[in-house]
Amino acid sequence: MDLNLEKETALVETVLFLESEPVTLENIATISQLAKDVVEKCLEALKEKYTAENSGLELAMITGGWTLVPKKEFWEELKERYGNKNEGRLSRSAMEVLSIIAYKQPITRAEIEALRGVSPDNMIRLLIDRQLIKEVGKKDAPGRPTLFGTTKEFLKFFRLNSISELPQLEDTENERFELAR
């Protein structure tokens with residue numbers, strides 16, 4: 001790597017370190033006053049740097065932006081101390097409701113209840129409070145029930161760039177998420 005690219009890479013790394021939220025390539029270019037193609041080269045160099053075994057960080061694309069995050073093996077050990085207080089453990093019920101919403105969104109409260117067999121009201125309130133889900137519209141049906149979907153916070157919480165990165169369900173699991181028609 002030439003001396004100029006090393007310095008530019010260090011600048012991009014500093015921007016990523018100082019930003020508290022994921023940053024798009026365009027924003028990194030604006031903040032650092034570097035051309036987009038230079039920023040791309042810097043990001044490639046940083047990916048390589050952080051892939052090394054002796055690094056505790058990795059460069060990740062989350063919610064459409066780049067950010068520095070702890071490597072998964074270290075985060076598991078440290079998240080209790082350093083995790084956002086909003087990232088406290090979710091109960092099994094909350095995880096069940098959250099997974100139904102993630103895989104079937106947009107979905108109504110009644111549809112969640114039909115899948116679970118119990119009222120999801122408390123779990124929906126909890127997940128909204130934690131900003132993992134939100135109201136995304138109204139269903140075109142009698143009573144115009146509220147539709148729920150996941151948020152950017154959900155993507156950050158699970159370190160996903162988009163909802164399409166959710167693990168694929170096996171056929172037996174997928175059947176569990178199907179509403180009786």
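Close-up 1. Tyrosine 82 counts as exposed because its relative accessibility is 55% (buried means under 20% relative accessible area, exposed over 50%, partly exposed in between; 1.4 Å probe, protein chains only). The model is predicted: local features need pLDDT of at least 70, side-chain atom pairs count only at pLDDT 80 or more, and totals for chains, interfaces and linings use all residues. Residues are numbered from 1 along each chain as its sequence is written, and side-chain values use heavy atoms, with hydrogens and water left out. Tyrosine 82 lies in helix α4, residues 72–82 (helices are DSSP runs of H or I, at least four residues, and strands runs of E, at least two, numbered from the N terminus). Together with Phe74 and Leu78, Tyr82 forms a nonpolar surface patch of about 310 Å² accessible area. Patch residues have over 30% relative accessible area and no salt bridge; like charges are joined within 9 Å, nonpolar side chains (Val, Leu, Ile, Met, Phe, Trp, Tyr) within 5 Å. Accessible areas come from the Shrake-Rupley method with a 1.4 Å probe; for residues, only the protein chains shown count as cover.

**Close-up 2. Packing of α1 on α3.** Helix α1 (residues 3–18) and helix α3 (residues 36–51) pack at about 80 degrees, axes 9 Å apart. That makes α1 roughly perpendicular to α3. Axes are lines fitted to C-alpha atoms, for helices over the stretch in contact; angles run from 0 to 180 degrees between N-to-C directions. Under 35 degrees is roughly parallel, over 145 roughly antiparallel, 65 to 115 roughly perpendicular, the rest oblique. Contacts (heavy atoms within 4.5 Å) include Leu5, Val12 and Leu16 on the α1 side and Val38, Leu43 and Tyr50 on the α3 side.

Close-up 3. Lysine 47 and glutamate 44 pair at 3.0 Å, N to O. A salt bridge is a side-chain nitrogen of Lys or Arg within 4 Å of a carboxyl oxygen of Asp or Glu. By this rule the count is eight. Lysine 47 is partly exposed at 30% relative accessibility; glutamate 44 is partly exposed at 47%.

Close-up 4. Arginine 109 bridges to aspartate 121, with closest N and O atoms 3.0 Å apart. Arginine 109 is in α6 (residues 109–116) and aspartate 121 in α7 (residues 121–129), so the pair ties together parts 12 residues apart in sequence.

Close-up 5. Glu21, Glu153 and Lys156 are linked in a salt-bridge network. Lysine 156 meets glutamate 153 at 3.2 Å between closest N and O atoms.
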